[in-house]
Number of protein chains: 2
Amino acid sequence: MEITQALHRAVQQTPDLPATIFGDRVRTWAECHDRVARLAGALQGLGVGDGDRVAMLSLNSDRFHEYLFAVPWAGGVVTPVNIRWSPAEIASSMEDAAVAILFVDDTFAPAVPAVRAAAPVVTTVVYCGDGDVPEGMVGFEDLIRRGDAVPDARRGRDDPYGIYYTGGTTGTPKGVVLSHTNLLASALGSTASGAFTNPGGRYLHAAPMFHLADGAAWVARNVVGGTHVIVPMFTPAGVAAAIAQHEVTDVLLVPTMIQLLVDAPEAADADLTSLRNLLYGASPISEAVLERAAKRLPAADFTQAYGMTELSPVATLLLPADHGVDRLRRSAGRAAPHSEVRIVDELDEEVPVGGVGEIVCRGPHVMLGYWNRPDETATALRGGWMHTGDGGRMDADGYVYVVDRIKDMIVSGGENVYSVEVENALAKHPGVASCAVIGVPDDEWGERVHAVVVPAAGAAPGADELREHVKGLIAGYKAPGTVELRDALPVSGAGKILKRELRAEHWPQGDRGVS
Amino acid sequence: MEITQALHRAVQQTPDLPATIFGDRVRTWAECHDRVARLAGALQGLGVGDGDRVAMLSLNSDRFHEYLFAVPWAGGVVTPVNIRWSPAEIASSMEDAAVAILFVDDTFAPAVPAVRAAAPVVTTVVYCGDGDVPEGMVGFEDLIRRGDAVPDARRGRDDPYGIYYTGGTTGTPKGVVLSHTNLLASALGSTASGAFTNPGGRYLHAAPMFHLADGAAWVARNVVGGTHVIVPMFTPAGVAAAIAQHEVTDVLLVPTMIQLLVDAPEAADADLTSLRNLLYGASPISEAVLERAAKRLPAADFTQAYGMTELSPVATLLLPADHGVDRLRRSAGRAAPHSEVRIVDELDEEVPVGGVGEIVCRGPHVMLGYWNRPDETATALRGGWMHTGDGGRMDADGYVYVVDRIKDMIVSGGENVYSVEVENALAKHPGVASCAVIGVPDDEWGERVHAVVVPAAGAAPGADELREHVKGLIAGYKAPGTVELRDALPVSGAGKILKRELRAEHWPQGDRGVS
């Protein structure tokens, strides 16, 4: 099966349905099919042959969607670039993957000279903006205008579809090579869970399209059919307006985005009742945010996905029905219909139910390997299982709890305090928009419960007020000893709150072993 | 991915949920897992090695389910036997596939001596009944009791899962070799359509388990999780009772079974409101039966699947929403989420929209090939597309109309009469349970419209009465010139009405080119 199969099906079944809606620009599947075939012809004219990598550095756009289809259509392999990277990091990945052709939009065109200087391997830059084509680049629309429509190269099955760089915030980025089968297995398997099958629906690309979380939703939407609604990037007002205007039915967000969407005053008036499926990842959702979101999005089912790029990316799903059970909301759900998950010890032996170990995963969605890193690939995939590096435990019903969240625990005066419990209590205060609770060094208690709070618009809750609020809900020793107000929390490209950055300010010797 | 993956997942997530309900016998997924691992150990003890074929000749049972898991767990390949075959046909398939081990139930144990005499390749017969083990056979339960649980051999991906014989009613049976990926692609893709995703649901095996239509539903139910409710074979009362007693949510039936289920007086009192998804295949459903079924099964969504064994088996789906559109009810639906379909001419060129040609199909569900028949495989799969041998046309929205149904046309006095139209009119008469309309030779008109009618219980409608009824609904020249009452219509193992058998009685020189 090929990623492009869905495009053949869409032009046959829904030629006049919008494929993409990007601002005022609407393109049907028939137009999309024609443009992709021409762009692929142009790429072949630029020298793209079987398996050649083609990169894209861009905010979200309809042209990103066309790029994702045209590259395999031409025989090539996509290499979406993390938009948070520095030019040096970008250049390093271009060299690593031997990328000759780089697509850029208006936002990133200014970074091109620095990238080219550091990555001479890049010989052609394709400009995907709407202005005049900058000197030294070729225009995306010019390529389509001049390109001859070519037949689909029919890359598929175990052929690589893309190289996705990962680990950029913790070490040297590694290229994860994912096949067509890898991505389709995750998409079909996740969809078969029943959680977000919605043929003909409208999916909103609010999360960054370079990231595989959104990329996987792109594959799934193509497979079941429907329309891609695209905003350049996440803003509460922009997302709310797009949902309301285009009657969006499906969206993937991270919990911090959900919180911003449901709380932002500038998004308060939008009609969000069209939303049927909200998929979220990166971290569990706090109970307070879940409650507010359920009110604001009355027709939406919530599904949490846990996984990683190496798993294309879905390993487990917490289904809508699971969200009704208190204890399950801290879990990452259970192995998805295409996936097998175990918790193993250092010897790769399965641990008994409830025991903590490493989460490993097996199935057709496990990556082909790391690009040009046979040793690291062999280590990660030893015994036929992908070793996630995440600690976790599993209950008697197969629900997985990621240890990051279990271990996100503060030992204060000999008592264990789980950050998530304090965060849930804090989040119920009307003056709290979002928060993160960490342990910081304390001469008296060993560790002290410390809360970093982003206040709700117009609010400025005091430390005492918040402490009393928490004490009204949970044991007094769990209440934050110190409270710090900030405008925002540090988040990763995937939208995950970077607690290690918060902790680093307090633990100069480095993180205390918890990511 | 392996067919057995779902068993690993089920024992992890729902160990205490019933895996199978067969009469009064209920077995949990934990028991199923244990029994399968032991049976696989016993099979290895009997000499089953990688890729060895193991056959089963049996009505439906919970042991059929265990067989379907245990054979690949042991490393082998399943070979379910068509229960309508003669001992000579069975023996011929045993020899063709070199089957050393044959499982049989009480119903088919008496056929074993004849099969063994004609197929010396069979060295071991496993008795799956509940009585004493017959002389010369080994007992299914004895194998499990004495077998050591072995680890899953993890056959998967492109390894063959099963050999399914097809074409037995039209020529020499050919063995269709299907891989794990083939079957899982069809199951996941069909499920991803949203039409019958129902995690935790209860699927009723009413259609024969040897047939891939039910076999594919078995795979899908395993993948999404839930329970198999099993009756030995279809009877209206038995199926109605099983649905009511076990709150069955999903079932696959052929239209003739649907008609019997909704019309049979002995099934009239059962509570069928638990049924959520009714999947049907083999032929479109008549409007009258659909109407009656919708009333009798108020909570059920109807989905039609079209395909063939070589396609594992689903190619197209007519989704529940499509059933609300009159013209679509004659169609077989559109390419499923894992499938690509085209209509091509004799040169394998795609024909324009609306043109008639051969239906061809492409995707991960296309068989590995015909067992030991490289030439026929190459012909069937030429150009990378499975040539179904079915004629069809496709409309501008990708809906496929199978030509068998288009060509099922009578030319009478120069007028074209479509059988389906006459059948739909006849089926609306209260005295008609089911019917088939064919053309028969007529000296005056060339062909005459001839109706074969199975009367409703207690009814005996006259030819004039039926003719007048039809004339009240459609043009007079379409009314049947002759009417014949019968107790039953001839059907294939898959439940398809065999019009060619009806025609053969009237066209001694053979069928007039329409199957």
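In chain A of this predicted model, helices H7(A) and H8(A) pack against each other at an angle of about 70°, with 9 Å between their axes. Because angles of 65 to 115 degrees count as roughly perpendicular, the two helices H7(A) and H8(A) are described as roughly perpendicular to each other. The crossing in which H7(A) passes H8(A) is right-handed. On the side of H7(A), the contact is formed by Leu183(A), Leu184(A), Ser186(A), Ala187(A), Leu188(A), Ser190(A) and Thr191(A), while H8(A) contributes Ala216(A), Val219(A), Ala220(A), Val223(A) and Val224(A). Sorted by class, the residues of this contact between H7(A) and H8(A) comprise nine nonpolar and three polar residues, with no charged residue among them.

The crossing of H7(A) with H7(B) is left-handed, whereas that of H7(A) with H8(A) is right-handed. Leu188(A), Gly189(A), Thr191(A) and Ala192(A) meet Leu188(B), Gly189(B), Thr191(B) and Ala192(B) in this contact, and the residues involved divide into four nonpolar and four polar, again with no charged residue.

The contact between the chains as a whole draws 27 residues from chain A and 27 residues from chain B. On the side of chain A that touches chain B, at least two residues each are supplied by helix H1 (5-13), helix H7 (180-192), helix H8 (212-224) and strand S16 (334-335). By class, this side of chain A holds ten nonpolar, 13 polar and four charged residues, while the contact of H7(A) with H7(B) has no charged residues.

The relation between the two chains can be expressed as a rotation of 180° with 0.0 Å of shift along its axis, which superposes chain A on chain B with an RMSD of 0.1 Å. The two copies are therefore related as by a two-fold rotation axis. Within chain A, the C-alpha nearest this axis belongs to Ala192(A) and lies 2.3 Å from it. Both copies use the same surface, in that 100% of the contact residues of chain A recur in chain B.

At the level of domains, chain A is divided into domain 1, made up of residues 1-19 and 28-179, and domain 2, covering residues 408-504. The centres of domain 1 and domain 2 of chain A, taken over C-alpha atoms, are separated by 42 Å.

Some details of the backbone remain to be described. Most residues other than glycine have a negative phi, and most peptide bonds are trans. In chain A, however, the peptide bond from Ser312(A) to Pro313(A) is cis, with omega near -15°, and Pro313(A) is placed in the loop between strand S14 (301-307) and strand S15 (314-318). In chain B, a cis peptide bond joins Ser312(B) and Pro313(B), with omega about -15°, and Pro313(B) is found in the loop between strand S14 (301-307) and strand S15 (314-318) of that chain. Ala98(B), although not a glycine, has a positive phi of about 50°, and its place is in the loop between helix H4 (87-97) and strand S5 (101-104) of chain B.

How values were computed: Residues are numbered from 1 along each chain as its sequence is written. Chains are lettered from A and ligands numbered from 1 in the order in which they are written. This is a predicted model: local features need pLDDT of at least 70, side-chain atom pairs count only at pLDDT 80 or more; totals for chains, interfaces and linings use all residues. Two residues are in contact if their C-beta atoms, placed from the backbone, lie within 7 Å. Helices (H or I, at least four residues) and strands (E, at least two) are DSSP runs, numbered from the N terminus. Ala, Val, Leu, Ile, Met, Phe, Trp, Tyr, Cys and Pro count as nonpolar, Asp, Glu, Lys and Arg as charged, and the others, Gly among them, as polar. Domain bounds come from an automatic or database domain assignment. Copies are superposed by least squares on the C-alpha atoms of residues with pLDDT of at least 70 in both. Axes are lines fitted to C-alpha atoms, for helices over the stretch in contact, and angles run from 0 to 180 degrees between N-to-C directions. Angles under 35 degrees count as roughly parallel, over 145 as roughly antiparallel, 65 to 115 as roughly perpendicular and the rest as oblique. A crossing is left-handed if the near helix is turned anticlockwise from the far one by less than a right angle, and right-handed if clockwise.
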